[in-house]
Amino acid sequence: MGEYTVAAVAACLAVVGLELGVWRTGLLRTGRYWGTLAISLLFMVPVDGWLTRADATVVHYAPDAITGLRVPWDIPVEDYAFAYALITLTLLLWVRAGRGAADG
């Protein structure tokens, strides 16, 4: 497994672990979270697809750093994992900031 793959999986595990083990906001159980994630990924696909397309690649990946699995439009699956981790972390921080202001 390549370093980009390992980092992508680790990022997902770290964010989910932070939510389930430390913060426990309940965000991952809400429909709003999953809707927001779906909308974000929907907009990510055309942009990431354009950046990683085979006929005129803008972003290059070292073949030994990724799994090589690309869906759709040559988007490495690791990009979805990083997107999930970044979107989820951002939303968790947003929820925590709102709770901090409401409690304090």
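**View 1. Threonine 25 is found in the loop that lies between α1 and α2.** Helices are DSSP runs (H or I, at least four residues), numbered from the N terminus. The model is predicted, so that local features need pLDDT of at least 70 and side-chain atom pairs count only at pLDDT 80 or more, while totals for chains, interfaces and linings use all residues. Residues are numbered from 1 along each chain as its sequence is written, and side-chain values use heavy atoms, with hydrogens and water left out. Threonine 25 counts as buried because its relative accessibility is 10%, where buried means under 20% relative accessible area, exposed over 50% and partly exposed in between (1.4 Å probe, protein chains only). The side chain of threonine 25 reaches the backbone nitrogen of leucine 27 at 3.2 Å, a polar contact being a pair of N or O atoms within 3.5 Å, of which, within protein, one must be able to donate a hydrogen and the other to accept it, and residues adjacent in sequence count only if both atoms are side-chain atoms. Just after α1, arginine 24 takes a positive phi of about 50°.

**View 2. Tyrosine 84 touches Cys12, Val16, Leu28, Tyr33 and Leu37, not counting residues up to four places away in sequence.** Contact here means heavy atoms within 4.5 Å. Tyr84 is also among the residues with the most contacts inside the largest nonpolar core, which has 16 residues, and the others are Cys12, Tyr33, Leu37, Ala85 and Leu92. At least two residues of this core come from each of α1 (3–23), α2 (31–52) and α3 (77–103), and α3 gives the largest share, six residues. Such a core is a set of buried Ala, Val, Leu, Ile, Met, Phe, Trp, Tyr and Cys residues joined through side-chain atoms within 4.5 Å.

**View 3. α2 bends by about 30° at valine 45, and proline 46 follows within four residues.** The bend at a residue is the angle between axes fitted to the seven residues ending there and the seven starting there. The buried residues of α2 are Tyr33, Leu37, Met44, Val45, Asp48, Gly49 and Thr52.

**View 4. Arginine 53 lies in the loop between α2 and α3.** With a relative accessible area of 23%, arginine 53 is partly exposed. Arginine 53 touches Trp73 and Asp74, not counting residues up to four places away in sequence, and its side chain reaches the backbone oxygen of tryptophan 50 at 3.1 Å.
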